[in-house]
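Please read the following explanation with the structure open beside it.

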Amino acid sequence: MDDSQIRQALLDILRRIAPEVEPGTLLPDAKLRDQVDLDSMDFLNLVVGLHERLGIDIPEADYARLTTPDAITAYLKAKLG
Amino acid sequence: MIEFKLPSLGADMEQGKLLEWKVKPGDPVKKGDVVAVVDTSKAAIDVEIWQEGTVFRLLAQAGETLPVGAVMALLLAPGEQPATAAPPAAATTLPQRRRVAPAARKRAEELQVNLDAVTGTGPQGAVTVEDVEQAMAAATPAPAPTGDRQTEMRRAIAAAMARSKREIPHYYLSESIPLARAGAWLAAENARRPVTARLLMAALLLKAVALAARQFPEMNGCFQDGAFRPSAAVHLGVAIALRQGGLIAPALHNTADLPLGELMAQLSDLVRRARAGSLRSSELADPTLTVTNLGDQGVESVHGVIYPPQVALVGFGKVALRPWVEDGTLQALPLLTASLSADHRVSDGHRGALFLARIRDLLQQPETL
C-alpha cells in the first residue's frame, strides 16, 4: 500500500467521523486535532476505523505519535511494513 | 381504550411534528416498541409506547405538528374489543365521540385546529375554547426566523436554560481530583483490551458519578409541581455536542449498574446515534442527572446550567499535569477539576461537597468501578 492509498484510507475514515472535512483542505504538516474538531471519542473511533480498514492495532502508548496527517501516514506505513 | 399521547422529550420541547407512523391499525404493540418518528427542534426521535395493546386508530397525520400531550392514536387494551355497536357499559368511560364544547368546535374551525389532537381539560375531558387556543398556540412556531434547525435548536436551548436560571437557585462547587491511579489503571486495562473494546476516561467518570448519585438521592431526580421527586434509578444524561452545533443530553439508562465495558459500548452507541439523529424517546424523557465533559476542548473547569426539571449537573474539565502536594511532597500529577451545579431548593452546599468528595474517592479506586 503506497502513501496515497494510506492517505485516502485516513481521509475516508475521518470523513465518516467528521463529515464537514472537505477533501483537499487538510494541511499535511499541521496537527490533525488543530484542523478538525475531534474529541477523545472521535479519536478512538479513528483508531478503531484504521484497525478495521488496515488491520493495524495502534497501542494507546503510540497515540502521541499520531499528530499530523504526514506523521500518521508515516506511522501507518511503518506498521504495514 | 388507551390514548397514546405525544410525550414530552425534555423541558425544552413544546411540540413535535409527526414524520412517520411505524405502526398501522390492527398491529399489536408492547412496552418499548417504537411506534412513530417525531421531529423535535433538536432531532428526529423514535417514539416508544409504554403500554401493551393493539393499534385501533391513528389520529395524527404524518406532517402534522402537535403540542406535547396531544392524543396521537387510540389503542385497544389487551382483551378489549373495539366498540362497534354502541356498547352501553363502555360508553360512559370511553366516549365514542369527543366531548367538545360547541364554542370550542367553532373556534377550532376558525383556527383550523384538528380537534382529535386537542387534549380536553373541561368536565369529563371535554374540549374547551381555551384548550383549542392553547393547542393552536403550542403548534404555532414563535415569531422568529424559521425553518432552519439551528435556529430551532438555539431557541429550544434558550428556553430551557432561561427557565433553569429563572426557577432554579443554583449553587456551585468545585473540587480537584487526582487522576494518577485512574490513568495508570486505564492504560493497563486498555493495553490488554482489543482496540474495539478500549475504554475512555469518560466511562470511569460517568460510572463514578452514577455510583455516588445512589448515595446522594437529592442530586438525582426531578423537581416538578413544587416538589422534589428522587429517582430510584440513576439515568445519567450525557451532554453530547452535535457536529453542526448545539447539544443534546440523552440518558444512559441504569448507569450505575453497567460494568465499564458495557457502559463504554452504550456511551459510544449513544454518541453515534445522537449525532446521526436516531435517539429513542425514552432516552430524552428520563435523564435524572446530567454530566458534561468539556475536557477535550481544553477548559480547566465548567460550571454548568442545570437542565430542568433535574436538580444537579456535574461538569468535568481537562485532565492536565499540575502541581499537587501528597504526603507533604510537591509533585506533578494529572488532575481533573470536577464541578457541581446543584439546586438549593433540594440540597445544600454541605451535601454537595460530600457528593463531590465521594466522586473523588471512587476515582481513587478505579478497579472497583
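The paragraphs below take these features of chain B in turn.

This is a predicted model, in which local features need pLDDT of at least 70, side-chain atom pairs count only at pLDDT 80 or more, and totals for chains, interfaces and linings use all residues. Residues are numbered from 1 along each chain as its sequence is written, chains are lettered from A and ligands numbered from 1 in the order in which they are written, and side-chain values use heavy atoms, with hydrogens and water left out.

Begin with the sheets. Helices (H or I, at least four residues) and strands (E, at least two) are DSSP runs, numbered from the N terminus. Two strands count as paired if DSSP finds at least two bridges between them. Strands of a sheet pair through backbone hydrogen bonds, either parallel or antiparallel. In chain B, an open sheet of 4 strands runs in the order β1-β8-β6-β3, and its pairing is antiparallel. Its edge strands, β1 (2–5) and β3 (28–29) of chain B, each pair on one side only. Within this sheet, β6 (residues 53–58) and β8 (residues 71–76) of chain B are joined in the antiparallel sense by 4 bridges. Opposite T54(B) stands L76(B) in β8(B).

Another open sheet in chain B has 5 strands in the order β7-β2-β4-β5-β16, with mixed pairing. Here the edge strands are β7 (65–67) and β16 (279–280) of chain B, each pairing on one side only. Strand β5 (residues 44–48) of chain B runs parallel to β16(B), and 2 bridges join them. D46(B) is placed opposite R280(B) in β16(B).

A hairpin comes next. Strands β10 (residues 221–224) and β11 (residues 227–230) of chain B form an antiparallel pair over 4 bridges. C222(B) has R229(B) in β11(B) as its bridge partner. The hairpin has 2 residues between the strands, and D225(B) takes a positive phi near 50° in it.

How do the axes of helix α6 and helix α7 of chain B cross? The axes of α6 (residues 201–215) and α7 (residues 260–276) of chain B come within 9 Å and cross at roughly 110°. Axes are lines fitted to C-alpha atoms, for helices over the stretch in contact, and angles run from 0 to 180 degrees between N-to-C directions. Angles of 65 to 115 degrees count as roughly perpendicular, under 35 as roughly parallel, over 145 as roughly antiparallel and the rest as oblique. Therefore α6(B) and α7(B) are roughly perpendicular to each other. Contact means heavy atoms within 4.5 Å. On the α6(B) side, A202(B), A203(B), L204(B), L206(B) and K207(B) meet L260(B), L263(B), M264(B) and L267(B) in α7(B).

Two backbone details remain before the end. Most residues other than glycine have a negative phi, and most peptide bonds are trans. N254(B), in the loop between β15 (251–252) and α7 of chain B, has a positive phi of about 50° although it is not a glycine. A cis peptide bond, with omega about 5°, joins P308(B) and P309(B). P309(B) is in the loop between β17 (289–293) and β18 (312–316) of chain B.
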